[in-house]
Amino acid sequence: MIWNETKECMTREELKSLQDVRLQRLVDRVYHNNEYYRKKMQELGLEPGDIKGVDDIEKLPFTTYVDLRDTYPFGLASVPKSELVRLQASSGTTGKPKVAVYTRRDIDIWAEVVARCMAMIGITRDDIIQVAYGYGLFTGGLGAHYGAEYLGALVIPMSTGNTKKLIDMMIDCEVTAIACTPSYLLHVAETLRDQGLLDKIKLKYAICGAEPWTDNMRAQIEEMLNIKAYDIYGLTEIMGPGVATDCEYHAGLHIWEDHFYPEIIDPVTMKQLPEGETGELVITTLTKEGMPLLRYRTKDLTSLRYEKCKCGRTMARIQRFKGRTDDMMIVRGVNVFPSQVEAALLTVDGCTAHYMIIVDRIGNEDTFEVQVELEDRIWAQEGFNEAAYAAKVQSVIRQIVGLKAKVTLLHFNDLPHSEGKSKHHEDRRKLYA
Ligand code: DLL
């Protein structure tokens, strides 16, 4: 067994004992090896011995993007530079990138957790997988690559940038699995469909992440490609892809709690929330050596479930992400997440997941526009009534989001289709702030 079955099958009590020990060791490590964390703990009057296990975790300080920025690039490393073997980074829209550094053991654990995710969804050493996340500083490409190799699958490191070559090789090499963003997979599926190549592929599985997507979008991708598509989550600061993934029941993403200790907090009061309540996901890296993080505030909004999954796994499940705290727009006093708009759009026959939300302010009034690409067959319908269709879209958005939108219907490819993370909203009000 190349990934540790016993860890998956642990009881919650066994898991907690392991987490308790790992947290104690982690706190000891950062306290003694990292000046920044030592100071933070001392400011709270904390010593490593005060943390006996995960029940004490609330005593520990949070870590945020600001800490990463203030210590950029190596200030949160907890080992000497000679023990570091890799640096990855995630580019923010402004300021310095968020950097993560890894020891050899970190890289091995990263490969193992990604391999667990892939094994969980059914990928084996007999599969041929195209990794179509970007290779480079972004963790998607190399993360998925090492995980698939660890599993023993045959990896084709496509990276991004050439859909034609990806499709040619997908057909020629009889590729059975693909790792890429969901929006890119949708683009690949549409290209295959438009070129009449759908029956030439042997694809069975997709492992998609790096951006929020909805169950409707998964259903659309699965139907178009006749495959099973799964959700994989992760973030550079914590590791990269492989923190959590969903099983065949799609009832949340199993988080590998033996390495990543999750909490949900209220982002305003910063207190832990009970099981099932939505708040900000906070993760402590229990085993990381290079750049371990205590209680990292991910800004991702979700909830946790601890009951045993139908698949038999005991590890907690992250529920579908509602969005990020920094993706939320307040429009005319209503909280709007792009994921709600996507969920609404995909209930309308012919709407695609290629959409853009534009929020602006005219005078004192917020404007809320949703642009959406329609499938060609809708435009081709005889006597297509654009106004009636837009009114239908407006009505479902109103039901789900609670706001009246100006709906603009677009043709296929009118919006940019990204190969990496796609951007679905633009808040132009900030331009005047
Ligand atoms: O996106 C790591 C990754 C690569 C995950 C490939 C999955 C697949 P960052 O660039 O640091 O790392 O961005 C992390 O992306 O905090 C979430 O907001 C978002 N995100 C990642 N996966 C998902 C997902 C990679 N499955 C940020 N669903 C995270 C929703 C996701 N959001």
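This is a predicted model: local features need pLDDT of at least 70, side-chain atom pairs count only at pLDDT 80 or more; totals for chains, interfaces and linings use all residues.
Me: Why is Glu 263 called buried?
Reply: Its relative accessible area is 3%. Buried means under 20%. Glu 263 therefore counts as buried. The residue lies in strand β10, which covers residues 260–265.

Me: What makes the link between Glu 263 and Gln 272 a polar contact?
Reply: The two side chains are joined at 2.7 Å. The cut-off for a pair of N or O atoms is within 3.5 Å, so the distance qualifies. Glu 263 also makes a side-chain polar contact with Arg 295, at 2.7 Å.

Me: Which residues is Glu 263 in contact with, leaving aside its neighbours within four places in sequence?
Reply: They are Ile 57, Glu 58, Gln 272, Glu 280, Leu 281, Val 282, Thr 284, Arg 295 and Leu 304. Contact here means heavy atoms within 4.5 Å.

Me: What makes β10 an edge strand?
Reply: Start with the sheet. Four strands form an open sheet in the order β10-β11-β12-β15, with antiparallel pairing. β10 and β15 (323–324) each pair on one side only, and they are the edge strands.

Me: How do you know that β11 and β12 pair?
Reply: Strand β11 (residues 279–285) and strand β12 (residues 296–302) share four bridges. Pairing needs at least two, so these strands pair. Their sense is antiparallel. As for facing residues, Val 282 stands opposite Arg 297 in β12. In general, strands of a sheet pair through backbone hydrogen bonds.

Me: Why is Glu 237 called buried?
Reply: Its relative accessibility is 4%. The limit is under 20%, so Glu 237 counts as buried. Glu 237 sits in the loop between β7 (228–235) and β8 (240–246).

Me: What makes the pair Glu 237 and Lys 98 a polar contact?
Reply: Their side chains are joined at 3.4 Å. The cut-off is within 3.5 Å, so the pair qualifies. Glu 237 makes another side-chain polar contact, with Tyr 296, at 2.7 Å. Leaving aside neighbours within four places in sequence, the contacts of Glu 237 include Leu 68, Lys 288, Met 291 and Leu 293.

Me: How far is Glu 237 from Glu 275 in sequence and in space?
Reply: They are 38 residues apart in sequence. In space they are 24 Å apart, C-alpha to C-alpha.

Me: Why is β8 called largely enclosed by the rest of the structure?
Reply: Seven of the seven residues of β8 are buried, so the label holds. Each of them falls under 20% relative accessible area.

Me: How do you know that β8 pairs with β7 and with β9?
Reply: Count the bridges. Four join β7 to β8, which run antiparallel. Three join β8 to strand β9 (residues 253–255), again antiparallel. At least two bridges are needed, so both pairs count. Thr 245 is the bridge partner of Ile 232. Thr 245 also stands opposite His 254 in β9.

Me: What joins β7 to β8, and what lies between β8 and β9?
Reply: A hairpin joins β7 to β8 through four residues. β8 and β9 form a hairpin with six residues between them. His 250 in that turn has a positive phi of about 45°.

Me: Why is Phe 74 called partly exposed?
Reply: Its relative accessibility is 34%. Buried is under 20% and exposed is over 50%, so Phe 74 falls in between. Phe 74 lies in the loop between α4 (65–70) and β1 (84–90).

Me: What makes Phe 74, Leu 87 and Leu 137 a patch?
Reply: They form a nonpolar patch on the surface. Together they have about 250 Å² of accessible area. Patch members need over 30% relative accessible area. Phe 74, at 34%, clears that cut-off.

Me: Why is Asn 413 called partly exposed?
Reply: Its relative accessibility is 44%.

How values were computed: Residues are numbered from 1 along each chain as its sequence is written. Side-chain values use heavy atoms; hydrogens and water are left out. Buried means under 20% relative accessible area, exposed over 50%, partly exposed in between (1.4 Å probe, protein chains only). A polar contact is a pair of N or O atoms within 3.5 Å; within protein, one must be able to donate a hydrogen and the other to accept it, and residues adjacent in sequence count only if both atoms are side-chain atoms. Patches are made of residues with over 30% relative accessible area and no salt bridge: like charges are joined within 9 Å, nonpolar side chains (Val, Leu, Ile, Met, Phe, Trp, Tyr) within 5 Å. Accessible areas come from the Shrake-Rupley method with a 1.4 Å probe; for residues, only the protein chains shown count as cover. A salt bridge is a side-chain nitrogen of Lys or Arg within 4 Å of a carboxyl oxygen of Asp or Glu.
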